[in-house]
Amino acid sequence: NAGGRLTITNSYNAGAVSGTSYYVSGLVGYNSGTTTITNSYNAGTVSGSGNNVGGLVGLNNYGALTITNSYNAGTVSGNDFVGGLVGLNYDALTITNSYNAVAVSGNNFVGGLVGGSAGGSLTITNSFFLETGKDGDELGGESRTLDDFHDGKVAKELHDWCEKKVGSETCKVGGKYGSVWGQDLTNANSLPDLSGVICTVH
């Protein structure tokens, strides 16, 4: 998105994405405009041999990027500035009620949610990541274990935040206000999803 307005809602990528450029991701490689990502996710492997690699967005370059109720479930790897949701932020980035639950790997500036932020504003609210042990983890969000993602703990945290926002356009399912988050807890390897239903029995 080079300077325009882009809205992504109720969308996903499930295929592997790879590239050699300086911005690779599951949904948006490069943003320099106003981009909003809501109720969307990436489940495909994302790999780049260059910098600025993210599960949802590779590079936010002097743009306004808002990510809400979205997640990454595909492994992410790159060189520098590698993040579970966003590789590198250069301007205004807001992440709300979202998560990354898989491995993120790279050389420098690697983070569970955001690899690096080189200026502007970065606001992260009620969002969770599988800890990478790298410097980007300190940019914001809360670390969780893989068990926390599998056993419903994170799904409940995401769900409860949405329940508090009933009446807001932020959390709307099928035209009705409520939590978009759910999880199939009958599957021991499941992750929080956007079904709106937490299923514990068949």
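Reader: Which residue in S16 is the bridge partner of Thr68?
Author: Thr68 has Thr96 as its bridge partner in S16. Please bear in mind that this is a predicted model, in which local features need pLDDT of at least 70, side-chain atom pairs count only at pLDDT 80 or more, and totals for chains, interfaces and linings use all residues. Residues are numbered from 1 along each chain as its sequence is written, and side-chain values use heavy atoms, with hydrogens and water left out.

Reader: What makes strand S11 and strand S16 a pair?
Author: Two strands pair if DSSP finds at least two bridges between them. Strand S11 (residues 64-68) and strand S16 (residues 92-96) run parallel and are joined by 5 bridges, so they meet that definition.

Reader: Which sheet do these strands belong to, and what makes a strand in it an edge strand?
Author: They are part of an open sheet of 5 strands in the order S1-S6-S11-S16-S21, paired in parallel. Strand S1 (5-9) and strand S21 (121-125) are the edge strands, as each pairs on one side only. From one strand to the next, the twist averages 5°, with axes being lines fitted to C-alpha atoms (for helices over the stretch in contact) and angles running from 0 to 180 degrees between N-to-C directions.

Reader: How many helices and strands does the protein chain have, and what counts as one?
Author: There are 2 helices and 27 strands in the protein chain. Both are DSSP runs numbered from the N terminus: helices are H or I with at least four residues, and strands are E with at least two.

Reader: What makes Phe81 and Phe109 a ring pair, and of which kind?
Author: Let me start with the rule: rings of Phe, Tyr and Trp (its six-membered ring) pair if their centres lie within 6.5 Å, and planes under 30 degrees apart count as stacked, over 60 as edge-to-face and the rest as tilted. The whole structure holds 9 aromatic pairs. In one of them, the centres of Tyr23 and Tyr30 are 4.8 Å apart with the planes at 45°, so this pair is tilted. For Phe81 and Phe109, the centres are 4.5 Å apart and the planes at 5°, so this pair is stacked. Phe81 belongs to strand S14 (residues 80-83) and Phe109 to strand S19 (residues 108-111), so the pair ties together parts 28 residues apart in sequence.

Reader: Which residues form one aromatic cluster?
Author: Tyr12, Tyr41, Tyr71, Tyr99, Phe149 and Trp181 do.

Reader: What makes Asp160 and Lys156 a salt bridge, and where do they lie?
Author: Their side chains meet at 2.6 Å, N to O. Both residues lie in helix H2, 4 residues apart, about one turn of the helix. Asp160 is partly exposed at 27%, as is Lys156 at 48%. The structure holds 3 salt bridges.

Reader: Where is Gly78, and which residues does Gly78 touch?
Author: Gly78 sits in the loop between strand S13 (76-77) and S14. At 18% relative accessibility, Gly78 counts as buried. Contact means heavy atoms within 4.5 Å. Leaving out residues up to four places away in sequence, Gly78 touches Gly48, Gly50, Val53, Ser105, Gly106 and Asn107.

Conventions:
Salt bridge = Lys/Arg side-chain N within 4 Å of Asp/Glu carboxyl O. Buried < 20%, exposed > 50% of the residue type's maximum accessible area, 1.4 Å probe, protein only.
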